[in-house]
Structures are given as structure tokens and as C-alpha cells.
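Work through the exercises below with the sequence and the structure at hand. Each task is followed by a solution in steps.

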Amino acid sequence: MRFDRVRLSNFKPYGDADLRLTEGVTVIHGLNGSGKSSLLEACFFALYGSKALDGTLDDVITNGEDETEVDLWFTHDGVSYHVERRLREYDGRVDHTCALETTAGGDATRDGATAVRRFVTELLRMDADAFVNCAYVRQGEVNALINATPAQRQDVIDDLLQLGTLEEYRDRAGDARLGVEDVRNAKRAVLEEKEAQIERKEAKNPHERLNELERNHSEVTDEIERYETQRERAKTTRDEAAETLATYEETQAELTAIEDDIETIETAIRETERERDAHRDAIREARERVDEIDAEIDDRLDEAGLEAATPEAITERRDALDDREASIRETLDDRRVTAEGFRNQAANLAEKAEDLLERAEEADDEAETLEEAAEAAEEAAEERAAALGELREEAATLRERFTDADVDREEAAERREELRERRGEVRERIAERSAELANARERVEEAEALLAAGKCPECGQPVDESPHATGIDEDRERVSELEAELAAAREQASDLADRIERLDALVEAAERLDEIDETAAMLEERIDEKRETATRKREAAADRRERAADRRAEAETTREVAEEKRTEAAATAARVDELEDELETVADARDAVDAVEERLTAIDELEAEIERRREKRDALTAVNDERRDRLADKRDRRDELREGVDEAAVETAREQKAEAEAYLERVDAELDRLAERRTELQNAIGGVNGEIEALAELREEREALAETVAALDSLHEETSELEAMYGDLRAELRQRNVQELERTLNETFELVYGNDAYSHIELDGEYALTVYQKDGEALDPEQLSGGERALFNLSLRCAIYRLLAEGIEGATPTPPLILDEPTVFLDAGHVSRLVTLVEEMRGFGVAQIVIVSHDDELVGAADELVTVEKNPRTNRSTVVREDASGLDAASLADD
């Protein structure tokens with residue numbers, strides 16, 4: 001994987017930035033605080049969203065802005081992708097939108113922050129934490145892995161190499177085994193319960209009980225059939241008697257109904273005659289009302305301006321009134337608009353005059369503020385000039401230190417490093433000579449002790465019996481030589497320490513001179529800026545004074561014009577009142593015309609009502625004639641029904657019906673008892689049959705459960721084997737990872753510390769790290785110096801990266817190797833080794849390495865150089881991409 005391009009808008013210190021990245025080593029260079037690390041954070045944020053941030057989403061939005069945009073183009077495994085993220089802050093919350101698409105080589109698309117983060121995690125096979133632990137060494141976190149516990153280190157590396165998946169599979173297999181075990185125990189318990197139920201049901205002899213119940217049920221059924229035959233005969237007798245009685249009751253009901261109809265018809269005839277009389281009276285009253293309305297119309301003709309009360313005359317008069325009203329209203333609207341225009345002009349002009357006066361006051365205030373600012377800028381310039389003089393005096397004093405020195409200002413740091421290396425060599429020689437002197441003195445003391453005892457110092461035999469001469473004199477001479485060499489070496493070390501101390505003071509003076517030169521240049525620039533600012537402010541103040549005078553004159557003229565407009569508005573308003581009076585006159589005439597028209601309409605309605613009532617009286621007359629005919633027919637039918645009733649036959653039918661109903665009541669009770677008995681027997685038979693069926697089902701269930709338990713036994717054995725297999729596979733792969741990681745770690749460490757005091761690194765199966773010195777002594781990594789720990793951690797990071805890139809069974813695509821300020825704990829010598837490490841990582845096939853640093857030696861190792869600068873006035877950062885091969889040391893030093 002490699003980053004191709006990143007584009008930012010309002011992200012942290014960046015307003016707008018667009019940077020293209022290539023393969024090779026890219027160094028992002030700039031002053032501290034210029035925003036170098038923010039470029040890497042933007043790439044990290046584009047991939048993983050809020051999971052990549054230490055703070056909240058609103059922390060990445062540039063101060064003073066409410067939106068930010070980050071676009072990242074990257075290529076992974078031959079497919080090009082584009083991720084865009086948008087943040088918008090409103091109402092105290094941040095809205096986060098995100099989308100991913102392929103630009104070449106694929107067709108994947110994702111929408112939403114969560115969906116994009118999951119896709120990137122699956123694509124790279126690492127989440128945000130794994131990305132940091134593998135490829136992204138963030139500023140200040142270079143020692144993170146060395147400070148981690150072995151267990152934490154193991155979790156990190158296992159997750160990167162996907163061994164956590166095997167652990168997850170083992171846990172799933174274990175859960176499956178426990179689940180099968182629970183189900184098997186449950187099934188066994190159910191099987192035992194089924195067998196107990198079968199024994200209990202067989203002990204009840206259900207088949208014998210069924211035969212006895214079926215015999216009793218047949219006897220009850222025969223008796224029920226006999227009673228039902230007798231009940232049917234009684235029902236026939238009851239029904240015939242009931243039919244006779246029903247016929248009698250129907251005749252009586254019909255007589256009652258006919259008599260009710262006769263009374264109803266007679267009542268309706270009387271009510272209809274009264275209604276005809278009411279219509280006659282209403283016709284007379286309507287005629288009288290028509291005469292009254294005619295008189296009212298004659299009284300309103302003059303008021304309405306009509307000669308005759310006809311529809312044509314009314315229409316013609318109304319049209320004339322409409323024309324007159326339209327003409328008046330047109331004139332009235334014009335006058336109203338004119339009056340309103342004059343009033344608005346007067347108000348606007350008055351408001352404008354007040355605004356001009358306010359703006360004149362504001363201009364005076366601005367002039368006063370500008371004059372005060374000019375004075376403040378002049379005072380600031382003088383203060384900075386005084387500070388500049390003090391700095392120049394200090395610089396002159398510091399330069400005098402180099403007058404009598406044997407090195408110049410530029411060579412002091414280099415000379416000090418040479419002397420420090422020589423002092424280190426002398427100290428090593430002192431240590432070697434001290435150890436050799438101690439050994440020599442010990443040999444002399446042992447030899448002298450043997451001689452004092454009368455023994456040979458070489459073989460330990462008595463001197464009289466030994467033919468050999470002793471070598472104690474040579475040892476004593478060697479002690480003297482070593483003492484002389486050791487004294488000379490210590491004197492040389494003391495001399496070097498004094499010279500280094502003097503050079504420390506000169507290096508400090510040189511660094512202070514660099515700071516003074518930079519500060520003096522900045523102060524000279526600020527002094528010029530302040531003086532220019534003072535001149536510009538004074539000119540602006542004079543312009544504001546002149547502008548205030550012009551606005552006051554314009555305000556007076558505007559007030560006079562406003563008064564003229566108020567006078568014209570009053571005259572126009574008087575004409576509006578006259579036109580409104582004319583409109584009221586037209587409205588009165590129209591009301592009179594409407595009144596005449598309404599009365600003509602009332603007359604037409606009354607004439608129509610008179611006609612309707614006449615037609616209603618004629619219809620009511622016809623209705624009463626038809627009712628009288630029906631009344632005669634009803635009276636004839638009543639007389640016919642009274643002659644056809646036989647009272648004796650009706651009484652006989654009543655007696656037969658009562659006897660039949662009494663028998664049916666007795667037989668129904670007996671049949672109910674027998675039916676209840678039959679139902680009890682049927683229920684008992686059904687219960688026994690149910691027991692027999694349940695017994696058969698229990699036997700079938702017992703067989704099925706026995707087969708299920710056997711299958712679960714087999715499945716339990718398989719899941720146990722699967723769980724053990726995943727555990728063994730994970731342990732085997734972890735051991736292989738440990739071996740591979742130990743190999744790559746030692747290869748990488750050898751590159752940066754091959755000639756030093758350390759021989760190799762050991763990584764055990766629990767990921768505990770041990771550093772071995774060349775004399776075989778074991779050290780904990782935390783015992784190393786700060787710079788050594790930093791290089792050790794970088795070596796570990798690079799070894800993990802190589803292991804992930806090479807893979808155990810083949811290469812896999814990996815992200816760029818990103819180092820954010822890796823030299824923060826390193827001195828100059830260790831920085832050179834870091835450069836060697838970076839070059840070797842390229843040799844191992846790392847396609848893209850991105851480094852944030854302000855170290856010149858790392859900048860010199862870059863293929864591409866990205867310079868980040870921050871504008872001190874706007875506090876906004878910009879990026880410039882350059883070809884590092886075209887830069888010389890002088891330009892880098894200037895940066």
C-alpha cells in the first residue's frame with residue numbers, strides 16, 4: 001500500500017493544502033509547531049475516522065471555521081481508492097459524512113463513517129490500533145513497545161498476524177463443545193424421564209379398560225334410541241295441535257290488525273282535510289304579502305335612481321354605479337400611493353440623515369482609535385529597537401570569546417564531538433589497563449605469598465626441589481609499566497575533559513549567537529512593520545476626519561428635502577378623504593338598488609309558493625279519495641274473518657298440546673341423563689385411547705432420543721478435537737512468529753549496533769525481550785540509554801513491519817512505514833544509524849517511507865522533501881513539495 005495524494009481544507013492549522021506522495025523516502029521538514037505531524041494525522045484520520053483521534057471531532061476543525069474536509073487517495077494491492085471525509089459543526093454538534101470509492105482496478109463503494117472504517121480495517125487487515133503498532137510511529141510514542149508488558153506485546157503482534165482469529169475460533173469451538181455437552185445432558189435427562197413414563201402407563205392396563213368401556217357405551221346407546229322414537233311421536237302430536245292454535249291466533253291477529261288499519265285510515269283522512277284548510281289560509285296570506293312588497297318597491301325607486309322596478313333597469317343602474325366606483329377607486333388608489341410615497345420618502349430621508357450623522361460620529365471614533373493605534377505602534381517600534389540594541393551588544397560580547405580560541409564559530413560543535421570520541425577511546429583504554437593492572441598485581445601478590453612460604457610461584461613445589469626459576473620479576477616490571485600507562489591515560493583523559501569543557505562554553509555561545517541573529521532579523525522586520533503601521537494609521541485617521549465632515553453636510557441637506565416631502569404628503573391625504581366620501585355615496589345608491597332587487601325576488605318566491613300550495617291541495621284531495629276506497633275494503637274483510645272462527649276445535653288442540661309437552665319434558669330429562677352417561681363413557685374411551693396413543697408416542701420418542709444422545713456423544717468428541725486443534729495451531733504459529741521476529745529483529749539490530757557492545761537480542765515464547773552484551777551479560781531493554789532505547793524500539797518496529805510484509809507463508813501488502821519525529825531522543829551519532837536503518841528498510845522492499853523530522857541528516861536521505869511553513873500572521877500552514885536531490889546543504893541550513 002502507498003499514499004498517493006492528500007488534500008485538506010480547514011484541517012487543524014491548514015486552510016487549503018494539496019500534497020502528492022510518491023514511492024521512496026519522503027521527509028516532511030519544517031520548524032517545530034508548523035503542522036508537520038498534522039499531515040500524517042490527516043491521512044490516519046481519513047482511513048479510520050474518529051478512532052484515529054486522541055481528542056474529539058471538533059478538535060480537528062480549524063479555529064474560526066465550522067467545516068473541514070479531508071480527501072485521501074491511496075493504492076493497495078494494485079487497486080486505487082479515494083476516501084473523503086466531511087465534518088460540519090453546528091448547534092453544538094459535529095456532523096460527520098464519509099464515502100469511499102475505487103478510482104482504478106475495482107468497483108468497491110462505501111458510504112458512512114462506520115462502513116468506511118470497517119472496509120479499511122478488512123482491506124489492510126488491521127484496525128487503527130494495529131496500524132499504529134505496525135506502521136505509524138507517532139511522535140513521543142517511539143518507546144511504546146519497549147515499555148509494554150510481554151502480554152501486551154504478545155496481543156499486539158498476534159493481532160497484526162491474525163492469530164487472534166485462531167483464538168476466536170478456539171473459543172467458538174469451546175463454546176460449541178460446552179453447548180453440545182449441555183444439550184447432551186438435557187437429552188439424557190429427557191430420555192430417562194420418557195422411560196419412567198412408559199413404565200407408569202403400561203402398569204395401568206389400558207387395553208382391558210378400553211374393552212369394558214366400549215361394552216357399557218353400546219348398552220346406553222340402545223336405550224337412547226328407544227326413547228328418541230317415542231319422543232318423535234309426541235313431537236308430531238304437539239306440532240299438529242300447535243298448528244291449529246297458530247291458525248286461530250293468526251286469524252285473531254289479522255282481525256286486530258284490520259281494526260287498527262281502519263282506525264288509522266280514518267285518522268289520516270281527518271288530518272289531510274285539516275292540512276288542505278291550512279294551505280288555503282297560506283295562499284291568502286301570500287297574496288296579502290305580495291301587495292305589501294309592491295308598495296315598498298314604489299317607495300325606494302327614487303332613492304335607487306330607478307324609473308321602473310324591472311330587472312333590465314336594475315342591471316343598467318348597477319352597471320352605471322360600478323363604472324362610477326371604479327373611476328373613483330382608481331383615482332383614490334393613485335392618490336393613496338402618492339401620499340404613501342411622499343411619507344416613505346420623508347421617513348427614509350430623515351432616517352438617512354440620522355444614519356449619516358451616526359456614521360460621521362463613527363468616523364470620528366475610528367479616527368481617534370487609529371491615532372491611538374499609531375502612537376502604540378510607534379512606541380512598540382521604539383521598544384523593539386531598544387531590545388535589538390541589547391541583543392547586538394550581547395552578540396559582540398559572545399563573538400569576542402572566539403577571538404582567542406583555536407576554533408571558529410562553525411567548527412566548535414564538530415571539534416567537541418571529535419574530542420568526545422577521543423575521550424571515549426581513552427576511557428576504554430583506562431578500563432582495559434585498570435583490569436590488566438589488577439590482574440598483574442594479583443599475580444605478584446600470589447607469587448610473593450608462595451615465595452614467603454618457600455614454594456615456587458610457578459609450580460607450587462618447594463624451592464629446593466624445583467629446578468625452575470621464578471618469573472616474579474617480569475610480573476613486577478609489567479605492573480610498573482601498566483601503572484605508568486594508566487597514569488598517562490588518566491592525565492590525557494583529564495586534559496580532554498578540560499578541552500571539552502571549554503568547547504562546551506564555545507558551542508553554547510555559538511548556539512546563542514545563532515538565536516540572536518535570528519531574533520535580530522525578526523526584530524528589524526517587526527520594527528519596520530510597526531513604523532509602517534503607524535504611518536498608515538495616521539493617514540487613515542485624517543481620511544476618517546474628512547469623511548465625517550462630508551457626512552454631516554449631507555445629513556443637513558437630506559433633512560430639508562424630508563420636510564418638503566412631508567408637506568406634499570399632507571396635501572395628497574386631503575384629496576384621499578374627498579374621494580372616500582364619494583365612494584360612500586355610490587355605496588348608498590347600490591344598497592337601494594339591491595333592496596329593490598331583493599323585493600322583486602321575494603314577490604317571485606311568493607308567487608311560486610302560492611302555485612305550490614294549490615298543487616298540494618289538489619294532491620291531498622286525491623289521496624283522501626283513495627283512502628276512503630281502502631277503508632271500505634277493510635271493513636268487508638273484518639266481517640268475513642269473524643264468521644270463520646271454531647272455538648271447540650281450538651280448545652281440543654290446547655289440551656293435546658299440553659299433554660305432549662309434558663311427556664316431552666319428562667323424556668328429555670331422561671335422554672339428557674343417558675346422553676350425559678354416554679358422553680362420560682365416550683370421554684373415558686377417548687382418555688384410554690389417548691393413553692394408548694401417548695404410550696406409542698413415548699416409545700417412538702424414546703427411540704429418537706436414544707439416537708440423538710448417541711449423535712451428541714459423537715459431536716461432543718468432534719468439537720473437543722476441533723478446540724484442541726485450534727489451540728495447537730495457534731501455539732505452533734506463534735512459535736514460528738517468535739522465531740521469524742527474533743531473526744528479523746537481530747538482522748535489523750545488527751545494522752545499527754553491529755560494532756557496539758551488544759551481541760544479539762533474545763525473544764522468548766512469551767514475547768519477553770532480552771539484550772545480550774558481547775561479554776554475555778543479559779540486560780533488560782529498559783536499562784539502555786535514551787537514544788539506545790529509541791533505536792532498539794525502531795529496530796523492533798521495523799522487524800515487526802518486515803515480518804508482516806514478508807509473511808510466514810508469503811508476502812502481503814502493507815501500509816507505508818511512517819515515522820513521526822523519530823530523532824527526538826537521538827544524538828547525532830544515533831541519527832546516522834537511523835538513516836542507515838531507513839535505507840536498509842528500503843532495501844527490504846518497503847515501497848514508501850514517510851518521515852516527519854527537522855534533522856538535516858534525515859532530510860539529506862530523502863527522495864522527496866515536503867517543507868511545511870506557518871504564516872505567523874494568519875497562523876495557517878502551507879506545504880511545498882520539492883525534489884530532495886536538487887537541494888544543497890546551505891539551503892537546508894537556511895530552512
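**Exercise 1. Salt bridges**

Task: find how many salt bridges the structure holds, and follow the one between R86 and E69.

Solution. The structure holds 59 salt bridges. A salt bridge here is a side-chain nitrogen of Lys or Arg within 4 Å of a carboxyl oxygen of Asp or Glu. This is a predicted model, in which local features need pLDDT of at least 70 and side-chain atom pairs count only at pLDDT 80 or more, while totals for chains, interfaces and linings use all residues. Residues are numbered from 1 along each chain as its sequence is written, and side-chain values use heavy atoms, with hydrogens and water left out.

Step 1. Find the pair: R86 forms a salt bridge with E69, and their closest N and O atoms are 3.5 Å apart. The two residues link distant parts of the chain, with R86 in strand β5 and E69 in strand β4 (residues 67-76), 17 residues apart. Helices (H or I, at least four residues) and strands (E, at least two) are DSSP runs, numbered from the N terminus.

Step 2. Check the exposure of both. R86 has a relative accessible area of 22% and is partly exposed; E69, at 32%, is also partly exposed. The cut-offs are under 20% relative accessible area for buried and over 50% for exposed, with partly exposed in between (1.4 Å probe, protein chains only).

**Exercise 2. Two further pairs and a network**

Task: describe the salt bridge between E448 and R476, then the one between R544 and D543, and name the residues that shared partners join into one network.

Solution. Step 1. The side chains of E448 and R476 meet at 2.9 Å, N to O. This pair links distant parts of the chain: E448 lies in helix α9 and R476 in helix α10 (residues 472-643), 28 residues apart. E448 is partly exposed at 37% relative accessibility, and R476 is partly exposed at 36%.

Step 1. R544 and D543 form a salt bridge at 3.6 Å, N to O. D543 is partly exposed, with a relative accessible area of 33%.

Step 2. Salt bridges that share partners join R7, E69, D71, E84 and R86 into one network.

**Exercise 3. Strands β5, β6 and β7**

Task: determine in which sense β5 and β6 pair, parallel or antiparallel, and what lies between β6 and β7.

Solution. Step 1. Strand β5 (residues 79-90) and strand β6 (residues 93-104) pair in the antiparallel sense over 11 bridges. Two strands pair if DSSP finds at least two bridges between them. Y81 stands opposite T102 in β6.

Step 1. β5 and β6 form a hairpin with two residues between them, and D91 in the turn has a positive phi of about 50 degrees.

Step 2. Go on to β7. Three bridges pair β6 with strand β7 (residues 109-111), again in the antiparallel sense, and L100 stands opposite R110 in β7. The hairpin of β6 and β7 has four residues between the strands, and G105 in the turn has a positive phi of about 90 degrees.

**Exercise 4. Positive phi in two loops**

Task: locate K12 and D77, and give their phi values.

Solution. Step 1. K12 is in the loop between β1 (2-11) and β2 (14-20). K12 is not a glycine, yet its phi is positive, about 50 degrees. Its relative accessibility of 28% makes K12 partly exposed.

Step 1. D77 is in the loop between β4 and β5. D77 is not a glycine either, and its phi is positive, about 55 degrees. At 61% relative accessibility, D77 counts as exposed.

**Exercise 5. An open sheet**

Task: give the order of the strands in the open sheet of three strands, and say why one side of β9 and of β11 has no neighbour in the sheet.

Solution. Step 1. The order is β9-β10-β11, with antiparallel pairing.

Step 1. β9 (758-763) and β11 stand at the edges and have a single partner strand each, so one side of each is left without a neighbour in the sheet.

Step 2. Strand β10 (residues 769-773) and β11 run antiparallel and are joined by two bridges. V771 stands opposite L779 in β11.
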